[in-house]
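Thanks for coming, everyone. Take a look at the structure on the screen, and I will walk you through it.

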Amino acid sequence: MDQQFKDQVFEIIRMIPKGRVTSYGAIAKAVGYPNHSRHVGNALRHYDADFPAHRVCNSSGIITAESCIPDFTKKLAKEGVAVKGNKIQNFRKIFWDPLNEIM
């Protein structure tokens with residue numbers, strides 16, 4: 001994974017509106033690497049405290065960053081997104097697809 005890939009991933013994540021979520025795979029497709037969703041997750045290992053990483057989950061609407069679930073759940077709740085356990089409720093309804101929204 002190079003810096004350009006990471007920069008593109010971070011740029012897209014910054015575009016996700018409050019109250020919406022997207023998936024690692026959708027981001028990977030949007031940056032031109034449809035089979036690199038794991039690389040998107042790896043890019044999210046280090047980010048600033050105000051970065052909206054809480055708006056990214058897997059394709060089933062599950063928060064997979066286990067150490068961050070309580071923090072992500074609180075941040076999502078402040079944006080009006082309900083989470084039960086680590087599953088985002090109404091995932092399909094609030095899903096933000098970068099290919100449809102910004103392309």
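**A buried arginine and its surroundings**

Let's start with R55, which counts as buried because its relative accessibility is 7%. Buried means under 20% relative accessible area, exposed means over 50%, and partly exposed is in between, with a 1.4 Å probe and protein chains only.

A word on the source. This is a predicted model, where local features need pLDDT of at least 70, side-chain atom pairs count only at pLDDT 80 or more, and totals for chains, interfaces and linings use all residues. Residues are numbered from 1 along each chain as its sequence is written, and side-chain values use heavy atoms, with hydrogens and water left out.

Back to R55. It sits in the loop between α3 (37–43) and β2 (56–57). Helices here are DSSP runs of H or I with at least four residues, strands are runs of E with at least two, and both are numbered from the N terminus. Leaving aside residues up to four places away in sequence, R55 touches I16, P17, K18, R20, V21, T22, L76 and E79. Contact means heavy atoms within 4.5 Å.

Which residue forms a salt bridge with R55? It is E79, and the closest N and O atoms are 2.7 Å apart. E79 lies in the loop between α4 and β3, so this pair ties together parts that are 24 residues apart in sequence. E79 is buried as well. For a salt bridge, a side-chain nitrogen of Lys or Arg must be within 4 Å of a carboxyl oxygen of Asp or Glu.

**The other salt bridges**

The structure holds three salt bridges. E101 pairs with R20, with the closest N and O atoms 3.7 Å apart. E101 is in helix α6 and R20 is in the loop between α1 and β1 (22–23), so the pair links parts 81 residues apart in sequence. E101 is partly exposed, at 43% relative accessibility. R20 is partly exposed too, at 23%.

K75 and D71 also meet in a salt bridge, at 3.6 Å from N to O. They are four residues apart in helix α4, so about one helical turn separates them.

Now α4, residues 69–78. Its buried residues are I69, F72 and L76. The face turned away carries the exposed P70, K74 and K78. Cover for the buried residues of α4 includes β3 (83–84) and β4.

Helix α1 has its buried residues too: F5, V9, F10, I12 and I13. Their arc is only 160 degrees, so they are on the same side of α1. On the other side, Q3, Q4 and R14 are exposed. What do the buried residues of α1 pack against? The answer is α2 (24–30), α3, β2 and α6 (98–101).

**The whole chain**

Let's zoom out. The chain has six helices and four strands. From the N terminus on, the order is α-β-α-α-β-α-β-β-α-α. Buried residues make up 40% of the 103 residues. Along its principal axes, the C-alpha trace spans about 35 × 25 × 20 Å.

N90 is exposed, at 57% relative accessibility.

Notes: The arc is that of the directions from the helix axis to the C-beta atoms.
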